[in-house]
Amino acid sequence: MALMENISEVTEFILVGLTEALELQVPLFIIFTVVYFFTLVGNLGMIVLTVLDSRLHMPMYFLLCNLSLVDCAYASAVSPKVMAGFLTGDKIISYNACAAQMFFFAAFATAESFLLASMAYDRYAAVCTPLHYTSNMTAVMCVLLISGSYASGLLQSSLHVAFTFHLSFCHSNVVNHFFCDIPPLLALSCSDIYANEMVLFVLAAFNVFFTLLVILNSYLFIFVTILRMSSTEGRKKAFSTCASHLTTVSIFYGTVIFMYLQPSSSHSMDTDKMASVFYTMVIPMLNPMVYSLRNKEVNSAFKKVARKAKSSLGLV
């Protein structure tokens, strides 16, 4: 049974992909496979380390663990199909599979934006109110932040899928993208898409401005606190942490604003596809390095787990 009633006769879509050049299919398959491999290894590794090492049983690492889970999830919603297209040339995706891909990608990408805001609040609590950190970032607070992030993602994703797949797709079934994203599907519809554009704009604007407001306010207080620190080494360490987080935030939110906070008439699909590579492939791969591998506690936990693994295998 179809996911929901579709008044057109479209039963499948054809994804154009990044390029139709045959000589680039194998190189792109190799590149995307390597990126996806490191995405899975980095993020799943962060989850495993957090579970195994009791020193990482802290709010910051609980949030990082969920960020890694979200990165794995939304990268996996897109990457395998793209890689299969490069390898086999099969660019066809069924109607229901397209809806499912949109649902999971939108849900976890939205959840990521709220997780980034939660992480900024956690850093604010740790830097600006260290004496009250344990009372501010309790287990209940962490669960509320995480569950709220996932709930927002699932709710908004459901709305996007419901509005998008209620449309009639009679212009074509060829999607000028490498996955089922909202703007290229709207471009195929012969229905009135004004309501869809408004839903997309309002939800994207809410996500961006609300979460960015939390992030910017948190960092404003953090920077003021850092400037009042007497220790130069403490300032450098805090600024380094902020720079890493803000770099990822800038890339993530810059891409979201570029992709979704403009009318469909302003979209250049070729440009959108290049931008989409960053937040579907690159950001999930970079996040473990930005947030984890430069962290002393995570490095220490990794060395500890590696020593145990070598010992159990009789390598030491």
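Is Cys190 buried, partly exposed or exposed, and at what relative accessibility? At 35% relative accessibility, Cys190 counts as partly exposed, where buried means under 20% relative accessible area, exposed over 50%, and partly exposed in between (1.4 Å probe, protein chains only). The model is predicted, and local features need pLDDT of at least 70, side-chain atom pairs count only at pLDDT 80 or more, and totals for chains, interfaces and linings use all residues. Residues are numbered from 1 along each chain as its sequence is written, and side-chain values use heavy atoms, with hydrogens and water left out.

The protein has eleven helices and three strands; helices (H or I, at least four residues) and strands (E, at least two) are DSSP runs, numbered from the N terminus. Along the sequence these elements follow the pattern β-α-α-α-β-α-α-α-β-α-α-α-α-α. Of the 316 residues in the protein, 46% are buried. Among the contacts (heavy atoms within 4.5 Å) with a separation of 6 or more, 79% are accounted for by residues 24 or more positions apart. The protein exposes about 15600 Å², of which carbon and sulfur atoms supply 70%; accessible areas come from the Shrake-Rupley method with a 1.4 Å probe, and for residues only the protein chains shown count as cover.

Helix α6 spans residues 139–164 and has 26 residues. From its first C-alpha to its last, α6 reaches 38 Å, close to the 38 Å expected at 1.5 Å a residue, the expected span being 1.5 Å times one less than the number of residues. The buried residues of α6 include Cys142, Leu145, Ile146, Ser149, Tyr150 and Gly153, and also among them are Gln156, Ser157, His160, Val161 and Thr164. An α-helix has 3.6 residues a turn, so residues three or four places apart point the same way. The buried residues of α6 pack against α2 (59–76), α4 (95–128), α7 (182–186) and α8 (194–227). Cys142 has 4% relative accessibility and therefore counts as buried. Ser118 is placed in helix α4 and, at 5% relative accessibility, is likewise counted as buried. Leaving aside residues up to four places away in sequence, Ser118 touches Leu63, Leu145 and Ser149.

The structure holds 15 aromatic pairs. Rings of Phe, Tyr and Trp (its six-membered ring) pair if their centres lie within 6.5 Å; planes under 30 degrees apart count as stacked, over 60 as edge-to-face and the rest as tilted. The ring centres of Phe13 and Phe169 are 5.4 Å apart and the planes stand at 90°, so this pair is edge-to-face. Phe13 lies in strand β1 (residues 12–15) and Phe169 in the loop between α6 and β3 (174–175), so the pair ties together parts that are 156 residues apart in sequence. Phe13 is buried, with a relative accessible area of 0%, and Phe169 counts as buried at 2% relative accessibility. For Phe114 and Phe210, the ring centres are 6.2 Å apart and the planes lie at 40°, so the pair is tilted. Because Phe114 lies in helix α4 and Phe210 in helix α8, the pair ties together parts that are 96 residues apart in sequence. Phe114 is buried, with a relative accessible area of 10%, whereas Phe210 counts as partly exposed at 39% relative accessibility. One aromatic cluster is formed by Phe13, Tyr95, Phe165 and Phe169.

Two disulfides are present in the structure, a disulfide being a pair of cysteine sulfur atoms within 2.5 Å. One of them joins Cys98 to Cys180, with an S to S distance of 2.0 Å. The link of Cys98 and Cys180 is left-handed, with -125° about the S-S bond. Cys98 lies in helix α4 and Cys180 in the loop between β3 and α7, so the pair ties together parts that are 82 residues apart in sequence. Both Cys98 and Cys180 are buried. A disulfide also joins Cys170 to Cys190, with an S to S distance of 1.6 Å. Cys170 lies in the loop between α6 and β3 and Cys190 in the loop between α7 and α8, so this pair ties together parts that are 20 residues apart in sequence. Cys170 counts as partly exposed at 46% relative accessibility. With bonded cysteines counted along the chain, the disulfides follow the pattern 1-3, 2-4. Cys65 is in no disulfide, and the nearest cysteine sulfur, that of Cys72, is 9.9 Å away. Cys65 is buried, with a relative accessible area of 14%.
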